[in-house]
Each structure stands twice: as structure tokens, then as C-alpha cells.
Amino acid sequence: MKLRMEIETDFNLVGNIHELAFNGPGEAKLVDELRNSASPIISMVAENEKGEVVGHIMFSPVTIPSQQGAMLMGLAPVAITPNEQDKGYGSALIRRGLEECGKQGISAVVVLGHAGYYPRFGFSKSTDFNITCEYDAPAENFMVLELKENALRGITGQVKYHSAFGEL
Ligand SMILES: CC(C)(COP(=O)(O)OP(=O)(O)OC[C@H]1O[C@@H](n2cnc3c(N)ncnc32)[C@H](O)[C@@H]1OP(=O)(O)O)[C@@H](O)C(=O)NCCC(=O)NCCS
């Protein structure tokens, strides 16, 4: 397995992976939109042993309107092509992506996803903090990982994603 930053020649392959993994075009469009209008983004791919791109992860900035200056990212979307799922690519991309966020000085990462999957990477329930999600999702699915100790201490409010997420 090889993990690396996404480059332009990956864009179509990455779109196909999201369409297949999510059974529709929504996440592929979201990725295109974030590439065009969110900054900074962290966008990485995983290659299998044959050098084929089989997975993709993206992080983009999120904000808590009352808190200027907190450097927060949202992990979304992440997808592995269906016939390569459950082989460790997703976990590897998430771990490597979080490392990259740390290197870029991000203080915390949020994710809206499967409550049984993300805790293994260190994410905890957002209800342990004083932050909420702008989307109507069960609280247990909105999770947080502090990359800097106590990064979210004293921070309260609703996390806003890039407007492109509103179209999902
Ligand atoms: C979710 C996803 C990114 C995980 O990547 P992966 O390479 O298949 O997963 P890994 O091999 O790293 O990890 C396997 C573990 O993930 C779990 N897992 C896989 N898909 C899951 C899902 N949809 N919900 C919960 N857990 C899931 C497996 O049960 C397995 O758990 P175990 O280690 O306890 O046995 C990938 O399966 C995928 O693209 N799914 C479709 C799109 C999607 O749901 N994206 C995430 C949105 S939050």
C-alpha cells in the first residue's frame, strides 16, 4: 500500500471511487467543489500493490462562528473502492491524514460518521465537548479529535462546514 497526496491526474479516479462507494454522485461532486473553493484542504489517496488508486480522503476547514482563530478541520469524505474495502486502506488513510493535519498545525478534527468506526482513531463523542453539529444527525455520530491538548477546552458552539456540504 502507498499513501500520498492527491495530484491532478487522480481527480477522475477519485470521483469514480466516491460514486461507487456512496452509490451516487453526491460525494464526488462535493470533493470537486471543495477542491475549487475550500482552503486549505488535505486530500490524499491510497494505492494498492498494483499502483491503482483505490481510496481517497479529504479534510477541509470548519468553523465555530463565535471562535475565530481555532484551526479546525472536518474529515469528509473518505471512501475506498468497494472491492478493496476491509483491507486496511481506510484506516491507513485516516491515520496518515490525521498526522498530516497535525503537521499543518490543525488543533482539532471533527467527523460525522459511523460511531463504531472512528473511536479507534482517537475520536470521541462531541457530547463530551460543548460543540454541536449544524446537521440533523444523532449526536453520537458527530465526533471530535483534539490534535493539540485541550484545543477545544472552553470552546462552545455549532460547527459549520463549508457551504458545499449543504448540497449533499
Ligand atoms: C468506511 C470505509 C472508508 C472504511 O475503509 P476500509 O478500508 O473499508 O476499512 P478498514 O479496512 O480500514 O477497516 C475495516 C473496519 O472498518 C469497518 N467498517 C467498514 N465500513 C464500515 C461502515 N460503513 N460502518 C462501520 N464500520 C465500517 C469494518 O467493519 C472493519 O471493522 P473491524 O476492524 O472492527 O473488523 C470504507 O469501507 C468505505 O468507503 N465505505 C463506503 C463509504 C463510507 O461509508 N465512507 C465513510 C463515511 S463516514
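Predicted model: local features only at pLDDT ≥ 70, side-chain atom pairs only at ≥ 80, totals over all residues.

Residues are numbered from 1 along each chain as its sequence is written, and side-chain values use heavy atoms, without hydrogens or water.

**Entry 1: pockets**

I started with the second largest pocket. I found 14 residues in its lining, and Val 62, Thr 63, Ala 70, Met 71 and Leu 72 lie nearest its centre. Its volume is about 150 Å³; a volume here is the space filled by probe spheres set on the points, with grid points joined across faces, edges and corners. Strand 3 (53-64) and strand 4 each supply at least two lining residues. Strand 4 gives the most, with seven. I took helices (H or I, at least four residues) and strands (E, at least two) as DSSP runs, numbered from the N terminus.

I then sorted this lining by class. It holds 10 nonpolar residues, four polar and no charged. Ala, Val, Leu, Ile, Met, Phe, Trp, Tyr, Cys and Pro count as nonpolar, Asp, Glu, Lys and Arg as charged, and the others, Gly among them, as polar.

Next I went to the largest pocket. I read about 750 Å³ of space there. Its lining has 29 residues, and Phe 22, Val 78, Gly 113, His 114 and Tyr 118 are the closest to its centre. Helix 1 (11-22), helix 2 (26-37), strand 4 (67-80), helix 3 (89-103) and strand 5 (108-112) each supply at least two of the lining residues. Strand 4 again gives the most, here with six. By class I count 19 nonpolar, six polar and four charged.

**Entry 2: salt bridges**

How many salt bridges does a search of the whole structure find? I got six, taking a salt bridge as a side-chain nitrogen of Lys or Arg within 4 Å of a carboxyl oxygen of Asp or Glu. For burial I used relative accessible area: buried is under 20%, exposed over 50%, partly exposed in between (1.4 Å probe, protein chains only).

Asp 10 and Arg 4 pair at 2.8 Å, N to O. Asp 10 is buried at 3%, and Arg 4 is buried at 18%.

Arg 35 and Asp 32 also pair at 2.8 Å, N to O. Both sit in helix 2, three residues apart, about one turn of the helix. Arg 35 is buried at 16%, whereas Asp 32 is partly exposed at 38%.

Lys 87 and Glu 84 pair at 2.8 Å, N to O. Lys 87 is partly exposed at 49%, but Glu 84 is buried at 12%. I also logged a network: salt bridges with shared partners join Arg 4, Asp 10 and Glu 47.

**Entry 3: ligand**

I listed 17 residues around the ligand, and Ile 80, Asp 86, Gly 88, Gly 90 and Ser 91 come nearest. A residue is near if one of its heavy atoms lies within 4 Å.

Then I checked backbone atoms against ligand oxygen atoms. A polar backbone atom of Gly 88 is 2.6 Å from one. For Ile 80, a backbone N or O atom lies 2.8 Å from a ligand oxygen. For Lys 87, the value is 3.2 Å, again from a backbone N or O atom to a ligand oxygen.

Methods: 1 Å grid on protein atoms, 1.4 Å probe; cavity = no way out; pocket = protein on both sides within 12 Å on 5 of 7 lines; lining within 4 Å. Polar contact = N/O pair within 3.5 Å; in protein donor to acceptor, adjacent residues only side chain to side chain.
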